[in-house]
Amino acid sequence: MLSTMQDVPLTVTRILTHGTQVHGTSRITTWTGEGEPQRRSFAEAGARAAQLAHALHTELGVRDGDRVATLMWNNAEHVEAYYAAPAMGAVLHTLNLRLPVDQLVWIVGHAADRVVIVNGSLLPLLAPLLSRMPSIEHVVVSGPGDRAVLEADPAPGGRRPQVHDYEELIGGRPTSYDWPELDERQAAAMCYTSGTTGDPKGVVYSHRSIYLHSMQANSAESMALTDRDTTLVIVPQFHVNAWGLPHATFMSGVNMLMPDRFLQPKPLAEMIDAERPTHAAAVPSIWQGLLAELAERPRDISCLNQVTVGGSACPPALMVAFDKLGVTVRHAWGMTETSPLGTIACPPAHAIGTDEEFAYRVTQGRFPAGVEARLTGPNGERLPWDGTSAGELEVRGPWIAAAYYGGVDGEPMRPADKFSEDGWLKTGDVGTISPDGYLTLTDRVKDVIKSGGEWISSLELENALMAHPDIAEAAVVAVPDEKWGERPLATVVFKDGVTVDFADLRAFLADRVAKWQLPERWVCTTVVPKTSVGKFDKKVIRRQYADGTLDVTRL
Ligand code: AMP
């Protein structure tokens with residue numbers, strides 16, 4: 001028997017029309033570095049999104065399913081593109097401006113992007129690549145920057161795309177658009193993984209997946225934001241849709257504070273001081289930087305009721321440091337393939353105010369109803385949710401990828417190491433799940449240290465090291481060892497002006513982890529190499545070790 005309910009498509013268009021009507025006075029504030037920030041209401045941004053859609057359609061010939069790329073910081077114009085392209089039936093493709101240029105060229109070609117909207121400040125990055133991006137027909141430039149770099153001669157045989165100014169292109173066009181009725185399953189946006197091995201892989205989000213994910217992001221068990229909040233969206237819009245915030249905010253009228261290109265600790269601290277956001281979202285390395293800045297130039301950041309930290313493991317020490325500043329850290333786990341919200345660490349009612357509360361908060365968090373999870377052992381066996389059995393995490397749900405984009409003429413790709421035969425996503429993350437559904441990650445499948453038949457968690461060692469008061473950052477990787485197969489190599493960055501004897505660090509660790517897990521190999525460095533989205537790049541450390549370029553102390 002079928003239900004009697006209406007079958008209304010869940011679309012980005014609906015989020016847009018709701019946000020601009022019901023929450024028209026909520027604001028997007030974009031930091032400009034000097035002078036007054038740029039302020040734009042949701043109603044204004046919605047009207048400009050309609051103007052952009054008209055321009056894309058009539059002037060640039062963008063049609064259903066065409067890819068419209070963005071190479072942009074977090075700002076109001078980027079939000080406008082977030083809505084204009086999907087709502088008109090095209091596909092928004094956010095480009096990660098920190099990727100190696102060859103990967104960027106490859107991605108644009110693979111997605112066959114026809115248009116790229118670029119911030120003027122990023123033209124020096126884009127201009128020299130355009131001759132290698134033959135699919136790009138139009139470049140739309142937004143914001144300050146030297147347009148002259150686009151006038152250099154194209155490579156021999158190369159074609160020069162047409163260049164437009166964003167404001168001139170949209171100016172004077174109608175501020176409403178007759179948005180088409182869309183199938184909720186059609187592509188709305190795409191994002192390539194920041195793949196550390198092999199070619200990046202394209203994840204294509206549907207209108208439906210974005211809609212459902214936004215509802216999850218807004219739930220009380222998640223970020224729980226309302227129109228009384230302002231969220232500082234530090235996580236880039238080119239990294240998994242800024243964790244869904246540009247969509248979730250339009251659903252609930254949450255004001256957005258956008259840092260544009262001012263992502264260094266000092267301007268971030270200034271923004272918080274001046275604009276008083278109540279929420280912020282970023283990877284741990286951003287928060288480490290902010291803490292160091294606040295130690296040097298103290299400011300009151302207690303306006304932040306809550307910050308969402310994810311993308312890589314949040315060191316418990318970071319959580320403690322924020323607790324002292326009156327800011328609650330909510331740890332979350334996710335991936336490009338999971339839209340990204342997979343878990344979030346809100347402690348259960350019975351633990352609040354007890355000794356257990358912190359133990360729950362440092363987990364990666366609890367699965368929401370929309371994400372089913374299971375653990376698979378090394379021989380493919382299902383492992384119980386007992387809080388101790390560690391296996392590879394597999395997930396499925398309405399905002400989780402079922403395949404990767406196969407290119408213009410290609411079939412969707414379902415590599416066996418990423419998708420199980422019965423359609424679950426294999427996350428490549430190893431961990432345990434407690435009986436009440438809290439995930440604790442211990443490693444990536446490829447980062448776990450296999451020492452003499454036992455597994456050592458690199459994450460556990462890193463967290464233990466980062467609890468040392470003189471350590472700013474620590475990364476632990478597996479290196480080959482004749483006797484044990486693999487052993488941990490600890491790379492540490494000391495806080496400004498301090499050094500600690502490695503033997504003392506080992507003694508410090510000995511109180512926290514089993515003796516056989518203690519690293520023998522130690523390296524002091526000034527910075528841990530990071531990936532394009534700010535995670536520890538362990539493959540670089542492993543390569544440096546293999547090349548003999550690290551100054552290793554052996555204890
Ligand atoms: P990306 O697709 O670039 O967002 O990377 C996703 C990967 O980041 C996950 O598979 C995890 O390995 C890692 N990750 C994300 N959040 C966390 C977290 N809270 N703790 C540990 N690892 C995380």
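Trp287 and Phe322 are both buried. In this predicted model, the two rings form an edge-to-face aromatic pair, with 5.5 Å from centre to centre and 90 degrees between the planes. Trp287 sits in helix 11 and Phe322 in helix 12, so the pair ties together parts of the chain that are 35 residues apart in sequence. The structure holds nine aromatic pairs, and Trp287 with Phe322 is one of them.

After helix 12 comes Gly326, and its phi is positive, near 80 degrees.

In soluble globular proteins, nonpolar side chains tend to be buried together. Here, the largest nonpolar core has 83 residues. Ile28, Tyr83, Ile117, Phe250, Leu393 and Val395 are the ones with the most contacts inside that core. There's also a second, separate core, this one of 56 residues, with Leu95, Leu129, Phe238 and Leu290 among them.

Tyr83 is worth a look of its own. Leaving aside residues up to four places away in sequence, Tyr83 touches Val12, Ile15, Leu16, Ala49, Pro246, His247 and Phe250. Tyr83 and Phe250 also turn up together with Phe42 in one aromatic cluster.

Seven strands make up an open sheet with mixed pairing, and their order is 7-6-5-3-4-8-9. At the edges stand strand 7 (162–165) and strand 9 (202–206); each has a single partner strand, so one side of each is left without a neighbour in the sheet. From one strand to the next, the twist averages 20 degrees.

Strand 8 (residues 187–192) and strand 9 run antiparallel and are joined by five bridges. Take Ala189: its bridge partner in strand 9 is Tyr205. Helix 3 (residues 76–87) packs on the sheet, where it touches strand 3 (67–71), strand 4 (91–94), strand 5 (115–119), strand 6 (138–142) and strand 8. The direction of helix 3 makes about 145 degrees with that of strand 4.

## A buried histidine in a loop

Is His239 buried or exposed? With a relative accessibility of 7%, under the 20% cut-off, His239 counts as buried. You'll find His239 in the loop between strand 10 (230–233) and helix 8 (240–243). Not counting residues up to four places away in sequence, the residues that His239 touches are Thr336, Val533 and Lys535.

## Helix 15 and its cover

Which residues of helix 15 (residues 502–510) are buried? They are Phe502, Leu505, Phe508 and Leu509. Viewed down the axis of helix 15, these buried residues fall within an arc of 110 degrees, so they line one face of the helix.

The buried residues of helix 15 have a cover that includes helix 14 (458–466) along with several strands. Those strands are strand 24 (471–481), strand 25 (485–494), strand 26 (521–524) and strand 27 (553–554).

Note on methods:
Residues are numbered from 1 along each chain as its sequence is written. This is a predicted model: local features need pLDDT of at least 70, side-chain atom pairs count only at pLDDT 80 or more; totals for chains, interfaces and linings use all residues. Side-chain values use heavy atoms; hydrogens and water are left out. Helices (H or I, at least four residues) and strands (E, at least two) are DSSP runs, numbered from the N terminus. A nonpolar core is a set of buried Ala, Val, Leu, Ile, Met, Phe, Trp, Tyr and Cys residues joined through side-chain atoms within 4.5 Å. Buried means under 20% relative accessible area, exposed over 50%, partly exposed in between (1.4 Å probe, protein chains only). Contact means heavy atoms within 4.5 Å. Two strands pair if DSSP finds at least two bridges between them. Axes are lines fitted to C-alpha atoms, for helices over the stretch in contact, and angles run from 0 to 180 degrees between N-to-C directions. Rings of Phe, Tyr and Trp (its six-membered ring) pair if their centres lie within 6.5 Å; planes under 30 degrees apart count as stacked, over 60 as edge-to-face and the rest as tilted. The arc is that of the directions from the helix axis to the C-beta atoms.
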